[in-house]
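Good morning, and thank you for coming. I would ask you to look at the structure first, and I shall then describe it.

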Amino acid sequence: MSPRRNPAGQCPSCGCKAVRPRCRHGRTVPYRVFRALQVPADVEIPACGKCKQEFVDVATFGAIRSRLEQAYRATLRRTIRELIRDISAYVSQRRLELTLGLSQGYLSRLKTGGATPSPELVCTLALIAKDPRTRIAELELAWSTAGCSPAEEAGPPMNR
C-alpha cells in the first residue's frame with residue numbers, strides 16, 4: 001500500500017465524485033511477514049462509493065501504518081499463545097526454552113501477553129508445532145553434536 005493523491009474527491013478509476021473516508025470490515029493488506037493482515041475496521045480510508053476503489057493519501061498512510069503495527073503485534077502475540085499451548089501438550093515449556101536457548105519463564109510471559117515475540121520465534125514454534133516430539137528431538141540432537149568436528153562425531157578409533 002503506497003500513498004496516492006486524490007484531487008477534490010474525484011475517483012481516478014471511475015471519474016465519480018464519491019470519494020470520501022470510509023470504514024469497512026474485511027480489508028487486508030500485506031504487512032511485514034503476513035501476506036494478509038487484517039486492517040482494523042474503524043480505520044477510515046478514502047474510497048469511492050461507486051466503484052469501491054480505495055485511495056491512500058500521505059496522512060492516511062501514516063495512520064494506517066501505526067494501526068497495522070498494532071494489529072501486527074497483536075497477531076504475533078495471539079499466534080504465539082496458540083503455538084505454546086499446542087506444543088506444551090507434548091513437551092514442557094522449560095524443556096522447550098532450554099532447547100531454543102530462551103531465558104527461563106520467557107514462554108510464560110509470552111503466553112500471558114507480557115511480551116511481544118519476534119516473528120522468527122513465532123516461525124520456529126510454528127515449525128515445531130507441526131510435529132513437536134520429532135522436531136524437539138531433532139533440535140536436541142543438533143545441539144548435542146553442534147560443537148563436534150566430523151571426526152569427533154564418528155567417535156574414537158576402534159582398537160583391533
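The accessible surface of the protein comes to about 10400 Å², and carbon and sulfur atoms hold 53% of that surface. Such areas come from the Shrake-Rupley method with a 1.4 Å probe, and for residues only the protein chains shown count as cover.

This is a predicted model, in which local features need pLDDT of at least 70 and side-chain atom pairs count only at pLDDT 80 or more, while totals for chains, interfaces and linings use all residues. Residues are numbered from 1 along each chain as its sequence is written, and side-chain values use heavy atoms, leaving out hydrogens and water.

The protein has six helices and four strands; helices (H or I, at least four residues) and strands (E, at least two) are DSSP runs, numbered from the N terminus. Their order from the N terminus is β-β-β-β-α-α-α-α-α-α.

Let us turn to one hairpin. Strand S2, residues 28-31, pairs with strand S3, residues 34-38, in the antiparallel sense over three bridges; pairing requires at least two bridges found by DSSP. Val-29 has Leu-37 of S3 as its bridge partner. Two residues lie between S2 and S3, and Arg-32 in the turn has a positive phi of about 50°.

How many disulfides does the structure hold? There are zero, a disulfide being a pair of cysteine sulfur atoms within 2.5 Å. The cysteine sulfur closest to that of Cys-14 is in Cys-48, at 3.6 Å, and is therefore too far for a bond.
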